[in-house]
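Student: I would like to learn how to read a structure such as this one, feature by feature. Could you take me through it slowly?

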Amino acid sequence: MASTEPKLENREEEEEATGADDEDTGAQVAPIVKLEEVTVSTGEENEDPIIDLKAKLYRFDKDGNQWKERGAGTVKLLKHKENGKVRLVMRQSKTLKICANHLVLPTMTLQEHAGNEKSCLWHAPDFADGELKDELFCLRFASIENCKSFMEMFQEVAESQKKVENEDGSTAAELLEKLSVEDKKSEEKSEDKAEDKTKEGDGKDENPSKDTEKKDESALA
C-alpha cells in the first residue's frame, strides 16, 4: 500500500511557500492615478429639512389608467433659509435620482388613500423630469404613524405658505409703487429740463432783436 506522507509533506511545503509570498513586507506602492476630491452640490445647501422619512412613491399614469412606481427612498420637506418657501424633494435610495420635486403651495391638500392607512395622495405641478407636469402622487410609508406625521406636517407647511405668499405680494406691490414714484420723478425732471432749455432758447432770441434796434437808432441819429 502506497504511503501518502510525501504528498502531505509537499502540500505543507507549498502552503508555507504561499504563506511566505502573502507576508506583508511593509513596502508602500504609490497609486498610478491620483484622484482629486470633488465637492458634489445637491442643491439643498440653502435649505433646512423639516421632515425626513423613508417611503415609496407612485405616480398615476393617465394613459395606462394605473399606478406606476416612481422610486423608493427618502422624502423631505425643505425650507429655504432666505425666502421661507418649502419644497418637497424625494430621491431614490441607491441612485439618488430625483423622483419628486415641487413647491408646497397653500392650495395643496393631502388625502388618505382609501383602504390603506399607510398611504396618502395629492396633486402637484412637479419638476422632477426637468419640465413642469401636473402629477397625481401617492406615498406609501412603512407605518401608519409615519404617514400621519407626514400628512400633518405637509398641511401645516401649506398653511404657513399663505403668509409667505402674502409677504411676497406686499413686497411686490411696494416695489411696483416705488418704481412708479421713481418714474414720476424722472418724468418731472425731464419736463423741468425741457422747460429750462425752452427758456434759454427764448432768451437767446430776444438779445439779437435788442441789438438790431440799437443799431437802427444809431443809424437814424
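Predicted model: local features only at pLDDT ≥ 70, side-chain atom pairs only at ≥ 80, totals over all residues.

Student: In what order do the strands of the open sheet lie?

Tutor: Strands (E, at least two residues) and helices (H or I, at least four) are DSSP runs numbered from the N terminus, and two strands pair if DSSP finds at least two bridges between them. Here the open sheet has 7 strands in the order β4-β3-β2-β1-β7-β6-β5, with antiparallel pairing. Its edge strands, each pairing on one side only, are β4 (98-103) and β5 (111-112). Strand β3 (residues 86-92) pairs with β4 in the antiparallel sense over 5 bridges, and Arg87 stands opposite Leu103 in β4.

Student: How many aromatic pairs does the structure hold?

Tutor: Rings of Phe, Tyr and Trp (its six-membered ring) pair if their centres lie within 6.5 Å, and the pair is stacked with planes under 30 degrees apart, edge-to-face over 60 and tilted for the rest. The structure holds 5 such pairs. One of them, Phe60 with Trp67, is edge-to-face, at 5.3 Å centre to centre and 70° between the planes. Another, Phe150 with Phe154, is tilted, at 6.0 Å centre to centre and 45° between the planes. Both Phe150 and Phe154 lie in helix α2 (residues 144-220), 4 residues apart, which is about one turn of the helix. Ring pairs also link Phe150 and Phe154 with Trp122, Phe137 and Phe141 into a cluster.

Student: Are Phe150 and Phe154 buried or exposed?

Tutor: Buried means under 20% relative accessible area, exposed over 50% and partly exposed in between, using a 1.4 Å probe and protein chains only. Phe150 and Phe154 are both buried. Phe60 counts as partly exposed because its relative accessibility is 21%, and Trp67 counts as partly exposed because its value is 33%.

Student: Which element gives the largest share of the lining of the largest pocket?

Tutor: The largest share of the lining of the largest pocket, 8 residues, comes from α2.

Technical notes:
Residues numbered from 1 in each chain as written. Heavy atoms only, no water.
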